[in-house]
Amino acid sequence: ERWPALQALVAEARQRLARGQPVAIADVAYPNGADPALIEIMLGEIELPALAAYGAWNTAGNSIGAALAQASAARLIDGTVGRAAHELFLLHRLLEDWGYQQLARAEVRTWLRAAHGLAEPGPALQSETRTRVERRLAELIEQLPGFAGRYGIVPGSVQLPWGRTFEIDFALERR
């Protein structure tokens, strides 16, 4: 079973963070989204804003590359503005890779099939789909310790750049 290995991984990350060491997590168990078991453990065990990086999008190579790049950039950060930008990017990765790719996207696709018999939103459903995603992402921010109550989705910023649910874009704001 994977659960003990995931618990050990998160315990190691927590210990390293407590010692002030940078920790980057490339979540590659599944393509196109986070490992729900790993995230569940992380939510209860790790101070998420302290991570140097997190990545779980698309391919394993993309996840590893994005996490390495962010962790490398994090080592160069100097000052309040840089730290704020890093934290915002980290939240964006967590929210997109876990919140959207793992949860909200499946929920939206279920709604599209049940309510409209569609696999993807057509032009007539783009606005409603984006609104549903925005609302769900706002809810999910509130489940992320260290970010909850401090950040929100910029109203109206959720976009489906290709008109389908696979890709998402959104903006975050500090409250």
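Guide: Helices (H or I, at least four residues) and strands (E, at least two) are DSSP runs, numbered from the N terminus. This is a predicted model, in which local features need pLDDT of at least 70, side-chain atom pairs count only at pLDDT 80 or more, and totals for chains, interfaces and linings use all residues. Residues are numbered from 1 along each chain as its sequence is written, and side-chain values use heavy atoms, with hydrogens and water left out.

Visitor: Where is Gly146 found?

Guide: Gly146 lies in the loop between helix 5 and strand 3 (151–153).

Visitor: Is Gly146 buried, exposed or partly exposed?

Guide: Buried means under 20% relative accessible area, exposed over 50%, and partly exposed in between, with a 1.4 Å probe and protein chains only. Gly146 has 36% relative accessibility, so it counts as partly exposed.

Visitor: And what does His86 touch?

Guide: Contact means heavy atoms within 4.5 Å. Not counting residues up to four places away in sequence, His86 touches Leu51, Ala52, Gln70, Ala74 and Ile77. His86 belongs to helix 4, and because its relative accessibility is 13%, His86 counts as buried.

Visitor: At what angle do helix 4 and helix 5 pack?

Guide: Axes are lines fitted to C-alpha atoms, for helices over the stretch in contact, and angles run from 0 to 180 degrees between N-to-C directions. Helix 4 (residues 80–116) and helix 5 (residues 126–141) pack at about 135°, their axes being 10 Å apart. Helix 4 is therefore oblique to helix 5, since angles under 35 degrees count as roughly parallel, over 145 as roughly antiparallel, 65 to 115 as roughly perpendicular and the rest as oblique.
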